Amino acid sequence: AECVSGCVCPQGLFDDGRGGCVQEKDCPCVHNKQWYSHGDEITVDCKTCTCQRGGWSCTKVGVCYGTCTIYGSGHYITFDGKFYDFDGSCEYVATQDFCGDKNSSSSFSVITENVPCGTTGVTCSKAIKMFLGNTELKLENKDYKEIQRDIGDEVQYRKRTVGLYLVIEASNGVMLIWDKKTTIFIKLTADYQGKVCGLCGNFDGKSNNDFTTRSGLQETSALEFGNSWKQSYTCPDVTEEILPCSVKPHRKSWAEKECYLIQSPVFEICHSKVDPTPFYEACVHDACSCDSGGDCECFCSAVAAYAQECIKAKACVFWRTPDICRELTVKPN
């Protein structure tokens, strides 16, 4: 049959998505809106993936860490890559390995304390509590404190400073990276896949079931999901999404101008690997919301979150300048 108007190829050939027709064995693959030819290889997290007959064949390499990111005014990226917003003023379970299974025991949990960070009602992470066996670590006001508890086994850990970040690495496969402000990265080894719960999701490789509540129900609403993981029932539930640019419309044009950096040629190498749209929207949200000081800090944290995702996708971008979110020099210890 001859080709006719529309996406039609002769019998036995397949539309390659780029205006041509190819045999099935030569079908290209797509990742983050970028096309790859048969035989091309890419690295995604800890996997090496090869394009074969229009699909990806992946093999694991080395130690595989899953990463959950919490940053700015209530932005979350779960271990399985689900991006959502939740502005709650309370303490919440970010992640833990005791999820109601009677045969399991708890070896760690990470609690985030969220407080208002502007007059629009949005919240930011003020303090983090990390429980490792019988040790509680509290990170607050750029400081770190250790508290010994009477319950739990001993879990070894070490802490170090790397650039702007405080890194805590535990022997049970849990790592926490904190920028001493409003950004947290929680990393878990593959041993925890499907065995954790909280605002960071269940780390089972599927993002569509990440909104699993404390009672084990699956929600579609980020508000219902987030409310279920609060530590104190005396805290009020979040009932509506906050739109700070609507509350403070005079800040919107300034926020959009500053946050354009994420969509600009500076990050062009990353755009095909990591969709900049949700990060740009989160940046505008934060730039509008932080109206009681810390404007630049909120903007910088939002851009840094996108830069971190770019690094994970093997697209390193040097975006900080003396005029834009200047890097501070910190000696490692």
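Which strands does α5 lie across, and at about what angle does α5 run to β9? In this predicted model, α5 lies across β8 (65–71), β9 (75–77) and β10, and runs at about 155° to β9. The structure also holds 10 disulfides, and one of them joins Cys245 to Cys288, linking helix α2 to helix α5.

**Helix α5**
- Helix α5 (residues 277–289) has 13 residues and reaches 18 Å from its first C-alpha to its last, close to the 18 Å expected at 1.5 Å a residue.
- Because 10 of its 13 residues are buried, α5 is largely enclosed by the rest of the structure; among the buried residues are Phe279, Tyr280, Val284 and His285.

**Sheet**
- An open sheet is formed by 7 strands in the order β10-β9-β8-β19-β18-β17-β16, with antiparallel pairing.
- At the edges stand β10 (83–85) and β16 (157–162), each with a single partner strand, so one side of each is left without a neighbour in the sheet.
- Strands β17 (residues 165–170) and β18 (residues 174–178) run antiparallel and are joined by 4 bridges, and Ile168 has Leu176 in β18 as its bridge partner.

**Cysteines**
- The disulfide of Cys9 and Cys21 has a torsion of about -85° about the S-S bond, so it is left-handed.
- The link of Cys90 and Cys235 is right-handed, with 75° about the S-S bond, and connects distant parts of the chain, 145 residues apart.
- The link of Cys245 and Cys288 is right-handed, with 95° about the S-S bond.
- The sulfur of Cys27 is 8.4 Å from the closest cysteine sulfur, in Cys29, which is too far for a bond.
- Cys316 is likewise in no disulfide, the nearest cysteine sulfur, that of Cys310, being 9.1 Å away.

Note on methods:
Residues are numbered from 1 along each chain as its sequence is written. This is a predicted model: local features need pLDDT of at least 70, side-chain atom pairs count only at pLDDT 80 or more; totals for chains, interfaces and linings use all residues. Side-chain values use heavy atoms; hydrogens and water are left out. Helices (H or I, at least four residues) and strands (E, at least two) are DSSP runs, numbered from the N terminus. The expected span of a helix is 1.5 Å times one less than its number of residues. Buried means under 20% relative accessible area, exposed over 50%, partly exposed in between (1.4 Å probe, protein chains only). Two strands pair if DSSP finds at least two bridges between them. Contact means heavy atoms within 4.5 Å. Axes are lines fitted to C-alpha atoms, for helices over the stretch in contact, and angles run from 0 to 180 degrees between N-to-C directions. A disulfide is a pair of cysteine sulfur atoms within 2.5 Å.
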